[in-house]
Amino acid sequence: KSVDSLKHFISEVTDYARNSRTEIVYETIQLHALAEEVYGTLQFHEKAKLITWRNDIAKDLNIQTDQYRLRILLTNLLANGIKYADTTKPNPLLTIKGRVKNNTLILSIEDNGIGIAADKLPKLFQMFYRATESESGSGLGLYIAKEAVEKLNGQIKVKSISRKGTTFMVSLPLPT
């Protein structure tokens, strides 16, 4: 478990360094399939099997963006949805939605997990900040996700209610 934790930390540091130093590469991405692929890579987590996963992105939604950065974003947000799931609830749920409006990708990742206390929300995207000690982690995931979104000139916001759930909302302008 310690080795896995260290490998994950190194991966996060690598993602951060690569995000800050590499140029944006736009390519066509089938968003539904990418979300499924990323969620599939997170199935090793013991809570993943206890969660209902819902991908509400249209299967024919293709977008132009940087796949590497979008993958970083999805990996971090979906991993958190799994990690902070409330498996004491009768139907733990993790849902992703995506659509394009006014040449902007609008994504939401919503869960009915443990939620985040209101006083923790202002610091949530800071480097090494952890809103809870209930799970292990480096405090880099949301920071790196925010950096990736900002590199693509987008925005990320969060709404959460403790013990009710969390929704991350991302808007990414698409190239014209």
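Biologist: Where does Ala-48 lie, in terms of H2 and S2?
Modeller: Ala-48 sits in the loop between H2 and S2. Helices (H or I, at least four residues) and strands (E, at least two) are DSSP runs, numbered from the N terminus. This is a predicted model, where local features need pLDDT of at least 70 and side-chain atom pairs count only at pLDDT 80 or more, while totals for chains, interfaces and linings use all residues. Residues are numbered from 1 along each chain as its sequence is written, and side-chain values use heavy atoms, with hydrogens and water left out.

Biologist: Why is Ala-48 called buried?
Modeller: Buried means under 20% relative accessible area; exposed is over 50%, and partly exposed lies in between (1.4 Å probe, protein chains only). Ala-48 has 4%, so it counts as buried.

Biologist: What does Ala-48 touch?
Modeller: Contact means heavy atoms within 4.5 Å. Not counting residues up to four places away in sequence, Ala-48 touches Tyr-39, Leu-42, Gln-43 and Ile-82. The C-alpha atoms of Ala-48 and Ala-85 are separated by 8.7 Å, with the two residues 37 apart along the chain.

Biologist: How many aromatic pairs does a search of the whole structure find?
Modeller: The search finds one.

Biologist: What makes the pair of Tyr-39 and Trp-53 stacked?
Modeller: Rings of Phe, Tyr and Trp (its six-membered ring) pair if their centres lie within 6.5 Å; planes under 30 degrees apart count as stacked, over 60 as edge-to-face and the rest as tilted. The ring centres of Tyr-39 and Trp-53 are 4.1 Å apart and the planes stand at 5°, so the pair is stacked. Tyr-39 is in helix H2 and Trp-53 is in strand S2, 14 residues apart, and the pair links distant parts of the chain.

Biologist: Is Trp-53, with a relative accessible area of 19%, buried or exposed?
Modeller: Trp-53 is buried, because 19% falls under the limit. Tyr-39 counts as buried too, with 6% relative accessibility. Of the protein's 176 residues, 44% count as buried.

Biologist: In what order do the five strands of the open sheet stand?
Modeller: The order is S2-S4-S5-S7-S6, with mixed pairing. Two strands pair if DSSP finds at least two bridges between them.

Biologist: What makes S2 and S6 edge strands?
Modeller: Strand S2 (52-55) and strand S6 (155-161) each pair on one side only.

Biologist: How do you know that S2 and S4 pair?
Modeller: DSSP must find enough bridges, and S2 and S4 have four, in the parallel sense. Asn-55 stands opposite Ile-96 in S4. S4 and S5 run antiparallel, joined by eight bridges; there Lys-97 stands opposite Ser-108 in S5. S6 and strand S7 (residues 165-173) are antiparallel over seven bridges, and Gln-155 stands opposite Ser-171 in S7.

Biologist: What do S4 and S5 form, with two residues between them?
Modeller: S4 and S5 form a hairpin. In its turn, Asn-102 has a positive phi of about 50°. Thr-104 belongs to strand S5. Its C-alpha is 5.4 Å from that of Leu-172, 68 residues apart in sequence.

Biologist: Which strands does helix H3 lie across?
Modeller: H3 (residues 67-83) lies across S2, S4, S5, S6 and S7, at about 20° to S5. Axes are lines fitted to C-alpha atoms, for helices over the stretch in contact, and angles run from 0 to 180 degrees between N-to-C directions. Helix H2 (residues 31-41) lies across S2, strand S4 (93-101) and strand S5 (104-111), at about 160° to S2.

Biologist: Is the crossing of H3 and H4 left-handed or right-handed?
Modeller: The H3 and H4 crossing is left-handed. The term applies if the near helix is turned anticlockwise from the far one by less than a right angle; clockwise is right-handed. The axes of H3 and helix H4 (residues 141-151) come within 9 Å and cross at roughly 150°.

Biologist: How do the residues of the contact of H3 with H4 divide?
Modeller: Eight are nonpolar, three polar and two charged. Ala, Val, Leu, Ile, Met, Phe, Trp, Tyr, Cys and Pro count as nonpolar, Asp, Glu, Lys and Arg as charged, and the others, Gly among them, as polar. The contact residues include Ile-72 and Leu-73 in H3, and Ile-144 and Ala-148 in H4. Among the buried residues of H4 are Ile-144 and Ala-148.
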